[in-house]
Amino acid sequence: MSFFETKKTFEIELTYKCNWNCKYCAVKTHTKKSFTNEQVLENFRLKTNNFRDTIQSTVILSGGEPTLVGKNVLDIYIKLSKHYNFDLKINTNGLLFKEESIIKEFKQINWHVSDELIMTKHIQTILKSLPKNVLPLIVVSNSNFKNLQSFMKQWPKDIKILLIPASDPEGKIN
């Protein structure tokens with residue numbers, strides 16, 4: 001099997017906009033200039049070798065918060081991914097759950113549950129009817145570690161969660 005026949009994963013940043021301001025954000029979304037939709041589409045085309053490297057490959061829509069580009073733009077990437085037979089995943093902080101009609105379009109939704117690790121009624125509501133394609137994840141950092149034990153005590157025992165350790169991307173000690 002050649003390199004061109006292997007399964008590949010392409011991460012496409014749709015935007016740097018984000019409705020959160022996580023201290024541990026490695027992307028530093030709030031300090032970067034936003035992309036135009038044309039620039040994102042060109043990046044998608046270039047990363048996928050002009051759509052030739054699509055055999056059993058995966059596209060992860062990411063950002064900032066990728067759902068902030070709006071349903072119309074998301075629909076473009078959903079259709080494009082279907083056309084080229086990509087497995088489609090998305091990294092989101094949960095804004096996606098407001099658009100129930102597109103949840104089923106993703107093979108996997110990587111749900112960044114809470115930046116401060118505080119169990120809210122909103123999180124509890126989502127957990128009660130969590131779609132099967134959602135992988136909940138939490139980022140544990142110096143700034144939110146103090147809330148980890150309480151958060152995990154409230155987490156449903158039957159729902160797996162991915163814990164991601166992080167530090168301040170600039171190496172500052174909190």
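This is a predicted model: local features need pLDDT of at least 70, side-chain atom pairs count only at pLDDT 80 or more; totals for chains, interfaces and linings use all residues.

What percentage of the 174 residues in the protein do buried residues make up? After that, please stay with Phe-44: which residues form one aromatic cluster with Phe-44?

A: Buried residues make up 43% of the 174 residues in the protein; buried means under 20% relative accessible area, exposed means over 50%, and partly exposed lies in between, with a 1.4 Å probe and protein chains only. Residues are numbered from 1 along each chain as its sequence is written, and side-chain values use heavy atoms, with hydrogens and water left out.

The protein has five helices and six strands, which are DSSP runs numbered from the N terminus (helices: H or I, at least four residues; strands: E, at least two). From the N terminus on, these elements run β-α-β-α-β-α-β-α-β-α-β.

Strands of a sheet pair through backbone hydrogen bonds, either parallel or antiparallel. Two strands are taken to pair if DSSP finds at least two bridges between them. Here an open sheet of six strands has the order S1-S2-S3-S4-S5-S6, with parallel pairing. Its edge strands, each pairing on one side only, are S1 (9-15) and S6 (162-165). On average, neighbouring strands of this sheet are turned by 25° against each other, direction ignored. Helix H1 (residues 37-47) packs on the sheet and touches S1 and strand S2 (58-63), and the direction of H1 makes about 170° with that of S1. Such angles run from 0 to 180 degrees between N-to-C directions, with axes as lines fitted to C-alpha atoms, for helices over the stretch in contact. Contact means heavy atoms within 4.5 Å. Of the contacts in the protein with a separation of 6 or more, 71% come from residues 24 or more positions apart.

Further along the sheet, strand S3 (residues 87-92) is joined to strand S4 (residues 108-112) by four bridges, and the two run parallel. Among the bridge partners, Ile-90 goes with Ile-109 in S4, and Thr-92 goes with Trp-111 in S4. S4 also pairs with strand S5 (residues 134-140), in the parallel sense over four bridges; His-112 stands opposite Leu-137 in S5. Four of the five residues of S4 are buried, which leaves this strand mostly covered.

Now to Phe-44 itself. A pair of aromatic rings is described by the distance of the centres and the angle of the planes. Rings of Phe, Tyr and Trp (its six-membered ring) pair if their centres lie within 6.5 Å; planes under 30 degrees apart count as stacked, over 60 as edge-to-face and the rest as tilted. A search of the whole structure finds five aromatic pairs. One of them is the tilted pair of Phe-44 and Tyr-77, at 5.6 Å centre to centre and 35° between the planes. Because Phe-44 lies in helix H1 and Tyr-77 in helix H2 (residues 71-83), this pair ties together parts that are 33 residues apart in sequence. Both Phe-44 and Tyr-77 are buried. With Phe-86, the ring centre of Phe-44 is 5.8 Å apart and the planes are at 80°, so this pair is edge-to-face. It links distant parts of the chain, 42 residues apart: Phe-44 in helix H1 and Phe-86 in the loop between H2 and S3. Phe-44 has a relative accessible area of 0%, and Phe-86 counts as buried at 7% relative accessibility. To answer the second question, Phe-10, Tyr-77 and Phe-86 form one aromatic cluster with Phe-44.

Most residues other than glycine have a negative phi, and most peptide bonds are trans. Asn-85, in the loop between H2 and S3, has a positive phi of about 60° although it is not a glycine. Asn-85 is exposed, with a relative accessible area of 59%. Leu-117, in the loop between S4 and H4, likewise is not a glycine and has a positive phi, of about 55°. In contrast to the exposed Asn-85, Leu-117 is buried, with a relative accessible area of 2%.
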